[in-house]
Amino acid sequence: SVVVMEPKSATHFVSTSATVRFALLCGPTAQLKDSDLVQCAAAHARRPKASALAWNALASDAASSAAVCISISPSGKAEPPAKRQKTAQGADTVRGRHILLRHQQVRQADPMLRRDVGRNLQEAEELALKTLETLLKTPNQFPKLCREVSDCQTGEHPGQLCGDLGWIAKGQMEAALDEAIFSLAVNEFSDVISGSRGLHIFQRLA
């Protein structure tokens, strides 16, 4: 049989003074109501990956659905990177901690790996979203959650040092991770960030 595809296009004009988010939905996520999409992603204004994961989790059959969130902001105006506080370490250095969730798509050896639980990417994303949403509600639970779920050796650090990465100089980490942690305000949590070691959730401490 032959399937004829008839592509359709649409044009949208975006205000130059507003920040907007586009939802690209496929499968069951496309059936979600606009109000459900807005409410579900309300806590993730600066976290497009977490927004997409939340929409996917809300769908009736997450395994056969897909969601992408695209955030567009006026350059230099809405949602700017957090103003870096002047510290003894300098303006281009931050202190942070993280939770790492490794998955099967990560192939390279990791000398800082604490354990390899063999989860697939979907399982890692679902756990990352659950962990992030718990942290947003109860930030003081970070050490406990980090110790329970993080696959990085930093998850074995004692007390409040659990997950601690110390002072990080700009350019020290891979680009996506560097951009994520340097854009945070102090005590703010990052989006779910994909890196060469797996999925990360960062919190800037100073």
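Predicted model: local features only at pLDDT ≥ 70, side-chain atom pairs only at ≥ 80, totals over all residues.
**Whole chain**

Start with the cartoon view of the protein chain, which has 5 helices and 6 strands. Following the sequence, these elements come in the pattern β-α-α-β-β-α-α-β-α-β-β. Colour by accessibility next: of the 206 residues in the protein chain, 37% are buried. Among contacts in the chain with a separation of 6 or more, 64% are between residues 24 or more positions apart.

**Helix α4**

Select residues 142-149, which make up helix α4. Show the side chains of F142, P143, L145, C146 and V149, the buried residues of α4. Where do they sit around the helix axis? They span an arc of only 165 degrees, so they lie on the same side of α4.

**The aromatic pair**

The structure holds 1 aromatic pair, and F142 and F189 form it. Is the pair stacked or edge-to-face? The pair is stacked, with 6.4 Å from centre to centre and 15 degrees between the planes. The angle is under 30 degrees, the cut-off for stacked.

Which parts of the chain does the pair tie together? F142 belongs to α4, while F189 is in the loop between α5 (175-182) and β5 (193-195), so the pair links parts 47 residues apart in sequence.

**A charge over a ring**

Move to F182 and show K170 with it. The charged end of K170 sits over the ring of F182, at 4.6 Å from the ring centre.

**The second largest pocket**

Finally, switch to a surface view and find the second largest pocket, with a volume of about 230 Å³. Its lining consists of 13 residues. To centre the view, select L53, N56, A57, E125 and E126, the lining residues that lie nearest the pocket centre.

Then colour the lining by element. α2 (48-58), β2 (66-72) and α3 each supply at least two lining residues. Which of the elements gives the most to this lining? That is α2, with 5 residues.

Technical notes
Residues numbered from 1 in each chain as written. Heavy atoms only, no water. Phe/Tyr/Trp six-rings, centres within 6.5 Å; stacked < 30°, edge-to-face > 60°. Helix = DSSP H or I, 4+ residues; strand = E, 2+ residues; numbered from the N terminus. Lys NZ or Arg CZ within 6 Å of the ring centre and 35° of its normal. Buried < 20%, exposed > 50% of the residue type's maximum accessible area, 1.4 Å probe, protein only. Arc of directions from axis to C-beta. 1 Å grid on protein atoms, 1.4 Å probe; cavity = no way out; pocket = protein on both sides within 12 Å on 5 of 7 lines; lining within 4 Å. Points joined across faces, edges and corners; volume = space filled by probe spheres on them. Contact = heavy atoms within 4.5 Å.
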